[in-house]
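Student: I have a structure open and would like to learn how to read its features. Could we take them in turn?

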Amino acid sequence: MNKLLICAALVSVLFFTASPVKAAINIFACEPEWGALATEIGGDAVSVYVASTGRQDPHQIQARPSLIARARSADLAFCTGAELEVGWMPVVLRQAANGKIQPGSPGYLEAASVVRMKDVPQHLDRAEGDVHAAGNPHIQTDPHNFLPVANLLAVRLAEIDPANAATYKTRHDAFITKWKAAIQKWETEAAPLKGAPIAVQHKNWIYLLDWLQLKEIVALEPKPGVPPSSGYLAEVLAKVKVSPVKMTIRATYEDERPSQWLQQNAGVPAVELPFTVGGSDKAKDLFGLFDDTVDQLVKGVRP
Amino acid sequence: MKLKRTLGVCAFGVALRVLSPVQAHAVVTDEDLAQIRQSIKQLEAQHAEDKKHIKELEQRLKSSDSKALASQTPASESPTVPPPPKSDFSTTTASTSSSAVSTPTQTGAPASAGAFNPAIGVTLMGTYAHFNHDPNKAPVPGFALGKDANNLGTQGFSIGESEVSLSANIDQALYGQLVLSHPSEGGVDVEEGFIQTTSLPLGFTVKAGRFFSGIGYLNEQHQHAWDFLDAPLPYRAMLNNQLGDDGVQIRWTAPTDMFLQFGMEGLRGDKFPGTSTNGGMGAQSVFVKAGGDVNESNSWLASLAYYHADAQDRQTTNDTTIDTFTGSSDLGIAGLVWKWAPNGNPVQRNLKLQSEFFFRHENGIFDNLAYRGDQTGFYGQAVYQFMPRWSIGARYDQVSADDGQPDFTGMTLDSLDHTPRRYSSVLMYDTSEFGRFRIQYNYDDSATQSNQGVMFNYTVSLGAHGAHQY
């Protein structure tokens with residue numbers, strides 16, 4: 001009897017909930033920066049769900065039921081790729097079993113696929129810590145990387161939603177113009193940063209460092225993803241005594257203790273950067289993200 | 001019989017929905033198409049230009065010339081680089097433009113010859129256990145136990161559940177996985193070996209082969225993913241620790257923002273508590289799962305399942321006696337898992353609460369006596385990661401059985417007025433995401449004589465590391 005009831009429930013839910021075709025394209029963005037970019041390019045034509053927040057470590061998202069439910073109804077999955085989401089996205093994709101967003105289909109988009117990757121390891125060994133075969137996946141710390149990604153997204157949106165192709169094109173062009181102007185502004189503001197020696201907590205800033213020509217002297221993690229021991233921090237301390245650094249930068253989601261320890265023991269300011277949209281109060285959108293990042297860095301190098 | 005009819009009705013309903021016309025997107029005219037093609041071409045030209053610009057900027061950054069960043073001028077705005085060659089655009093815009101957009105030499109997803117090899121993952125587990133009484137003398141009064149559930153563990157050193165898994169997408173529609181493990185009695189065991197669809201329409205998934213049944217939260221996970229080293233008492237007493245069987249599973253996920261999933265399984269049924277009856281289709285199950293986020297920090301998953309199995313001359317061993325059972329076993333499981341992490345970031349601290357309740361009714365002939373009996377069981381556990389890499393956990397589990405009807409005094413099904421229960425605690429240290437050390441302490445009161453055990457364990461994974469289930 002209860003079998004029949006469950007069956008009836010199944011069929012009725014099918015009929016009543018699956019029918020209305022939503023006007024907007026559902027985008028499942030793995031990280032907030034891609035959610036923000038999708039909103040810039042898609043506007044009202046898309047409905048964006050962001051699977052993680054700026055306060056969460058993008059490597060360590062759990063394949064929560066809510067993510068599976070959202071991936072089930074998505075028309076487009078927009079992720080970083082380069083193995084950043086390897087610990088959770090495969091389970092979400094498999095459980096959601098949504099043919100539209102499986103890897104290889106037009107509805108699956110990896111931002112890293114059009115960005116020139118840095119830190120591609122010559123050889124792979126987990127003794128080296130949390131390394132990614134495809135290179136460092138934290139591409140969103142350089143605004144230039146958004147140009148090809150925005151283009152990729154616009155092309156893909158036009159492909160899966162031809163009715164709004166013109167909208168995507170217009171919005172893309174407007175975004176690119178605005179973004180290029182903003183990059184100019186940031187680069188002007190960031191001029192004093194050139195060549196500044198800094199410490200990083202985790203090796204997730206390579207794109208930012210190269211963009212602004214900051215010099216990484218030391219990382220507070222002995223190996224990527226491995227928290228520092230007190231012995232290792234003593235080594236770091238010795239190193240910054242010899243080659244002084246202006247500040248330690250870390251992402252909002254990271255443990256504040258190592259950088260604060262260095263602040264107390266060596267007077268190196270600990271600077272918390274938003275890392276992505278939502279990583280700070282000011283980083284409300286992509287423009288706010290870099291406004292805040294550049295602002296904090298410039299404040300950090302000021303004597 | 002009834003289930004078959006139910007399945008039929010259900011399949012009809014589902015088919016009806018699949019066949020009913022689905023509204024297409026807005027109608028696309030030729031004019032639109034031309035416009036779209038034009039738009040895409042423009043975007044591609046733009047893309048080529050952006051790439052050129054990025055390259056130039058990178059070269060500037062790399063070169064030692066001391067021009068201030070601020071003085072950089074953007075590259076020429078006119079698309080001087082022709083758009084990449086385009087595949088046939090004459091049919092629809094759905095012909096993938098992705099291949100044209102990405103230039104392999106520059107991108108972050110290099111393809112290699114080995115890229116099509118299945119992902120190979122190895123899990124190694126090793127345990128040293130000490131019990132103050134023989135762990136092999138461990139009857140659970142009131143229950144006939146499956147062959148793996150007849151002990152509390154292995155005294156001394158053992159490599160328990162070391163296993164090798166191979167998995168890959170088979171093609172655009174299928175995923176496959178094979179898990180081989182080494183059982184304590186020797187040889188190689190196919191723990192799982194299944195194919196699963198990835199792209200069926202309307203949220204359906206079909207899995208076929210050998211797999212862990214979806215009836216319980218712990219049941220679906222591999223043992224090495226469990227927080228405690230051993231199965232909770234209700235799993236041990238009613239499912240021979242874990243139910244994996246050959247068959248087919250169909251799941252349907254509702255298109256709702258809240259996670260809602262329905263599933264049903266048709267199984268061979270030769271795993272405890274069943275034996276392969278009914279021509280090799282001796283067990284069936286249905287389940288419902290629901291879950292979601294309460295807020296950024298809290299999430300949950302609830303499930304309700306029903307499992308039915310028939311047994312024909314099933315033999316179980318209880319210490320010295322051999323029991324025979326012919327009849328049916330109906331099991332209901334209700335479970336709830338709750339996870340908390342500050343801001344949803346589990347790296348520093350997180351808490352996981354989980355509990356499952358088991359209700360079973362058995363009906364048939366036990367040792368040549370007509371038998372009707374009811375059993376219940378539950379476990380509740382909490383695992384708290386109090387700092388990166390360190391977690392502690394506590395668990396309580398118990399089962400209880402009525403004495404069966406008519407009279408099984410002095411036999412396996414006699415509960416001896418004892419409620420089997422256990423208290424466990426665990427301390428875990430992770431060397432990384434891939435390595436874990438554990439110390440577990442059990443105060444086991446499942447048999448009439450209590451038994452204390454301490455287990456030291458390592459659980460590590462090599463090679464491809466499958467993503468974690470919730």
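Student: Which residues does B:A311 touch, not counting residues up to four places away in sequence?

Tutor: Keep in mind that this is a predicted model. B:A311 touches B:P273, B:G274, B:T275, B:F325, B:T326, B:G327 and B:S329. As for its own place, B:A311 lies in strand β10 of chain B, residues 298–318.

Student: Is B:A311 buried or exposed?

Tutor: The idea is to count neighbours: a residue is buried if 20 or more other C-beta atoms lie within 10 Å of its own. B:A311 has 27 C-beta neighbours inside 10 Å, so it counts as buried.

Student: How far apart are B:A311 and B:A231 in sequence and in space?

Tutor: The two residues are 80 residues apart in sequence, and their C-alpha atoms are 23 Å apart in space.

Student: One of the residues that B:A311 touches is B:P273. What is the peptide bond from B:F272 to B:P273?

Tutor: For a peptide bond, read the omega angle. Here the bond from B:F272 to B:P273 is cis, with omega near 10°. B:P273 is placed in the loop between β8 (259–267) and β9 (283–293) of chain B.

Student: How many helices and strands does chain B have?

Tutor: Chain B has 5 helices and 17 strands. Buried residues make up 39% of its 470 residues. Among the contacts in chain B with a separation of 6 or more, 59% are between residues 24 or more positions apart.

Student: And how many helices and strands are there in chain A?

Tutor: Chain A has 10 helices and 8 strands. Its radius of gyration is 21 Å, close to the 19 Å that the globule rule gives for 303 residues, so chain A is as compact as a globular protein of that length. The C-alpha atoms of chain A fill a box of roughly 75 × 50 × 35 Å along the principal axes.

Student: What share of the residues of chain A count as buried?

Tutor: The figure is 58% of the 303 residues. For contacts in chain A with a separation of 6 or more, residues 24 or more positions apart account for 63%.

Student: At what angle do the axes of α2 and α5 of chain A cross?

Tutor: For a pair of helices, look at the distance between axes, the angle and the hand. The axes of α2 (residues 32–42) and α5 (residues 146–160) of chain A come within 10 Å and cross at roughly 60°. That makes α2(A) oblique to α5(A). The crossing in which α2(A) passes α5(A) is right-handed.

Student: Which residues of α2(A) and α5(A) meet?

Tutor: From α2(A), A:L37, A:A38, A:I41 and A:G42 meet A:F146, A:V149, A:A150, A:L153, A:A154 and A:L157 of α5(A). By class, this contact has 9 nonpolar, 1 polar and no charged residues.

Student: How do the axes of α8 and α9 of chain A cross, and at roughly what angle?

Tutor: The axes of α8 (residues 230–242) and α9 (residues 257–266) of chain A come within 11 Å and cross at roughly 50°. That makes α8(A) oblique to α9(A), and their crossing is right-handed. The contact is made by A:L233, A:V236, A:L237, A:V240 and A:K241 of α8(A) and A:P258, A:W261, A:L262, A:N265 and A:A266 of α9(A). By class, it has 8 nonpolar, 1 polar and 1 charged residues.

Student: What is phi of A:D119, and where is A:D119 placed?

Tutor: Phi of A:D119 is near 60°, a positive value in a residue other than glycine. A:D119 is in the loop between β4 (108–110) and α5 of chain A. With 16 other C-beta atoms within 10 Å, A:D119 is partly exposed.

Student: What is phi of B:N240?

Tutor: Phi of B:N240 is near 55°, again a positive value in a residue other than glycine. B:N240 lies in the loop between α5 (233–239) and β7 (244–253) of chain B, and with 20 C-beta neighbours inside 10 Å it counts as buried.

How values were computed:
Residues numbered from 1 in each chain as written. Chains lettered and ligands numbered in written order. Predicted model: local features only at pLDDT ≥ 70, side-chain atom pairs only at ≥ 80, totals over all residues. Axes fitted to C-alpha atoms, helices over the stretch in contact; angles between N-to-C directions. Helix = DSSP H or I, 4+ residues; strand = E, 2+ residues; numbered from the N terminus. Parallel < 35°, antiparallel > 145°, perpendicular 65-115°, else oblique. Left-handed = near helix turned anticlockwise from the far one by under 90°. Contact = placed C-beta atoms within 7 Å. Nonpolar A, V, L, I, M, F, W, Y, C, P; charged D, E, K, R; others polar. Rg over C-alpha atoms; globule rule 2.2 N^0.38 Å. Buried ≥ 20, exposed ≤ 12 C-beta atoms within 10 Å, placed from the backbone.
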